[in-house]
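Biologist: I'm new to reading models like this one. Could you pick a single part, take a close look at it, and walk me through how it sits in the rest of the chain?

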Amino acid sequence: MSRDMWKQGGNAVWLIFLYLTLLPFLSWGQSDGGEGLNTGRTPVYHYRVIRSYPHDRRAFTQGLVYERGFFYEGTGLHGHSTLRKVEPVSGRVLKEVKLAPYYFGEGITIFGDRIAQLTWKSRVGFVYDKTSFDLLHRFSYPGEGWGITYDGQRLIMSDGTSVLRFLSPRNYREISTLGVHDERGPVTGLNELEYLQGAVYANVWPTDRIAVIDPATGRITAWIDLKGLLGKTDVRGVDVLNGIAYDARGDRLFVTGKLWPKVFEIRSAIRPHLPGTKGSKAAESFR
Ligand SMILES: [Ca+2]
């Protein structure tokens, strides 16, 4: 081997060494789309604020529903737990039921002419007449109560784990369970829920994210990242994002949080890729 050949060979070895050393950094740079690095292949969608509404800063929101011009809200904390009907434009509480101090109110949902409200650790759910707020009956369930929603046939309940439970709206017995996961495995902390357009939306405690869940498989088909929703002047004293409501007639999505001063109507260009929708119907309504 001549001296020049050795020199050329040496350069090649050096270049290969340099390439291999830098490869991880080059790859990281290419794949770092911010959110993409953390969530793998599950798409992350952002949001646009359409409008904000006043919200009671003392309301430790644990459940939120919209129907026919009004919000229905369940609040938590011992001694402060309520079920309330709220006028969106003013934030005024039009009707309210206070829970006994030993109950910590959790999620609520409307099903037919009734409203169900969970409690955190008391293992009891309350069922009210939707109009009068009269207590109709109670039901019990094992474990903790966090969020609840209704898909038109079944009540869907979260308990802070990665498992959703489906209950009969007639006798509140468990019909089935569903493990919720993304591409990295089970996703725990499923909190306030809302069923809309074939998907279950879930606040993931204690994050700024909403998981969009395929109720047939448990797969999270999309994330909505709500980081930065509250302005600097509004964040003082607030707790986490919690509260999703959907106006099916007006196709409006509302979100709020515990002790938040505002409820936001938001839009997101989400495409949940649910079976049957082919990502079109659900996506169009959010554009
Ligand atoms: Ca809800």
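Modeller: Happy to! Keep in mind that this is a predicted model, with a mean pLDDT of 86 for the chain and 80% of the residues at 70 or more. Two stretches need some care. Over residues 15-39 the pLDDT stays under 50, and the model has 8 contacts beyond four places in sequence for them. Residues 275-287 are also below 50, with 22 contacts beyond near neighbours in sequence. Where pLDDT is low, the predicted coordinates should not be read in detail.

Now for the big picture. The chain has 287 residues, and 38% of them are buried. DSSP runs give 3 helices and 23 strands. If you take the contacts between residues at least 6 apart in sequence, 49% of them join residues at least 24 apart.

Let's zoom in on the part I'd pick, the sheet that holds strand 18. This is an open sheet of 5 strands in the order 1-20-19-18-17, and its pairing is mixed. Strand 1 (44-45) and strand 17 (190-196) are at the edges with a single partner strand each, so one side of each has no neighbour in the sheet.

Inside that order, strand 18 (residues 199-204) runs antiparallel to strand 19 (residues 209-213), and 4 bridges join them. Find Y201 and look across: V212 in strand 19 stands opposite. Setting aside neighbours within four places in sequence, Y201 is in contact with L193, E194, L196, I210, V212 and I244. L193, E194 and L196 fall in strand 17 (190-196), while I244 falls in strand 21 (241-247).

Y201 and V212 turn up again in the largest nonpolar core, which has 58 residues. Along with V200, A202 and A211, they touch the most other members. Strand 18 gives this core its largest share, 5 residues.

Next, follow the chain out of strand 18. The loop between strand 18 and strand 19 holds P206, and the peptide bond from W205 to P206 is cis, with omega near -5°. Most residues other than glycine have a negative phi, and most peptide bonds are trans.

You'll find Y172 in the loop between strand 13 (163-167) and strand 14. Y172 counts as partly exposed because 17 C-beta neighbours lie inside 10 Å. The other is D251, which has a positive phi of about 50° and sits in the loop between strand 21 and strand 22 (252-257). With 13 C-beta neighbours inside 10 Å, D251 is partly exposed too.

Strand 11 pairs with strand 12 (residues 155-158) over 3 bridges, and T149 has I156 as its bridge partner.

Key
Residues are numbered from 1 along each chain as its sequence is written. This is a predicted model: local features need pLDDT of at least 70, side-chain atom pairs count only at pLDDT 80 or more; totals for chains, interfaces and linings use all residues. pLDDT is the predictor's confidence in each residue, from 0 to 100. Two residues are in contact if their C-beta atoms, placed from the backbone, lie within 7 Å. Two strands pair if DSSP finds at least two bridges between them. Helices (H or I, at least four residues) and strands (E, at least two) are DSSP runs, numbered from the N terminus. A nonpolar core is a set of buried Ala, Val, Leu, Ile, Met, Phe, Trp, Tyr and Cys residues joined through C-beta atoms within 7 Å. A residue is buried if 20 or more other C-beta atoms lie within 10 Å of its own, exposed if 12 or fewer, and partly exposed in between; C-beta atoms are placed from the backbone.
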